Amino acid sequence: MPDSVTPQFRAARVDCALQERMIGTQAAFARSRWFAFFLESGHAVAQTQAGEFELTGPALQWGPLDEDTRLRIDAGSAGHYLFLSDRMLDDAIGVVAEAADLRQFARRHMVVTLGRSDPRTTDLETLFERIEAEAARAAFGTEISVSAYIRLLLVALWRGREREGAGARTTVGQGRREINRFRNLVEAHFRARWKARQYAAALGMSYDRLHDLCVRSVGKPPAQLIRERCFHEAEILLRRTTLSAERISAMLGFSSASQFNHFFKAIAQETPGAFRSRIASSQEAPATQAARFSDWP
């Protein structure tokens with residue numbers, strides 16, 4: 001099956017009948033930043049900058065894509081690959097309450113080994129087949145549909161990792177639980193322009209306690225983390241919509257467009273209008289963006 005014609009993702013099935021196949025990702029790296037590989041049967045090795053990951057099917061691997069990533073699939077093996085952009089991952093994660101946890105989870109390399117009788121195996125086969133069907137179709141709504149399938153894929157991975165670690169997992173420390181609660185509150189309320197003290201009150205702790213938690217866990221005070229989350233959302237809206245700066249400022253809870261301009265320029269060193277013009281003219285890769293909202297433990 002051919003790759004997608006959309007620049008936001010590539011997906012295809014791989015059948016290696018009589019000889020080994022090597023899938024290089026240098027071309028995909030120009031537009032994609034993440035990959036998933038579902039090995040239905042046989043044996044394969046994913047070579048990345050983080051190391052080599054051996055898979056015996058059925059198995060699923062997910063991780064950040066680098067220009068040195070290679071998928072070496074043995075003869076007689078079959079599977080599916082998916083390369084996707086930062087934009088597709090952001091759309092898949094969405095703005096649900098669990099988004100902060102899911103975003104952090106998705107930034108790791110991980111492998112889930114499945115059994116042929118495991119119901120997740122059939123679910124994953126169906127997901128990849130539907131993604132590939134959308135890739136071949138490339139019709140209206142393709143990216144929306146694929147984003148939904150990617151979210152289901154991430155949830156399946158998340159549940160798989162939770163299941164594998166359930167037996168050996170120790171009790172999560174109180175500090176980690178509290179920082180996770182803070183992350184989820186930020187995801188839910190950053191558009192309301194909550195201050196750090198409001199988050200502390202909602203968490204039932206003092207501001208000093210919240211400040212200490214964030215600095216020890218992340219190396220940044222809570223106010224900076226809140227600003228970075230808001231800035232990340234502003235970047236997405238400026239890059240991917242035609243909404244005016246005034247409309248975006250209202251969506252993000254600013255009292256005026258001038259307040260939003262001041263906020264954005266303080267971080268990006270350019271106004272929202274200048275940022276949007278530069279992106280439109282250069283079509284620069286996602287990797288050149290300013291600091292991303294990923295500084296969570």
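Student: Before anything else, what is pLDDT?
Tutor: pLDDT is the predictor's confidence in each residue, on a scale from 0 to 100. It applies here since this is a predicted model.

Student: What is the mean pLDDT of the chain, then?
Tutor: The mean is 83, and 86% of the residues reach 70 or more.

Student: Where does pLDDT stay under 50?
Tutor: One such stretch is residues 166-172, for which the model has 3 contacts beyond four places in sequence. Residues 284-297 also have pLDDT below 50, and the model gives this stretch 40 contacts beyond near neighbours in sequence. Where pLDDT is low, the predicted coordinates should not be read in detail.

Student: Moving on to the fold: how many helices and strands are there?
Tutor: The chain contains 12 helices and 9 strands. Among contacts with a separation of 6 or more, 73% join residues 24 or more positions apart.

Student: And how much of the chain is buried?
Tutor: Of its 297 residues, 45% count as buried. The chain exposes about 14100 Å², with carbon and sulfur atoms supplying 51% of that area.

Student: Now the helix packing. At what angle do helix 9 and helix 11 cross?
Tutor: The axes of helix 9 (residues 222-240) and helix 11 (residues 257-268) cross at roughly 100° and come within 11 Å. Helix 9 is therefore roughly perpendicular to helix 11.

Student: Which residues meet there?
Tutor: From helix 9, R227, C230, F231, A234, E235 and L238 meet F260, F263, F264, I267 and A268 of helix 11.

Methods:
Residues numbered from 1 in each chain as written. Predicted model: local features only at pLDDT ≥ 70, side-chain atom pairs only at ≥ 80, totals over all residues. Heavy atoms only, no water. Contact = heavy atoms within 4.5 Å. Helix = DSSP H or I, 4+ residues; strand = E, 2+ residues; numbered from the N terminus. Buried < 20%, exposed > 50% of the residue type's maximum accessible area, 1.4 Å probe, protein only. Areas by Shrake-Rupley, 256 points an atom, 1.4 Å probe, with all protein chains shown as cover. Axes fitted to C-alpha atoms, helices over the stretch in contact; angles between N-to-C directions. Parallel < 35°, antiparallel > 145°, perpendicular 65-115°, else oblique.
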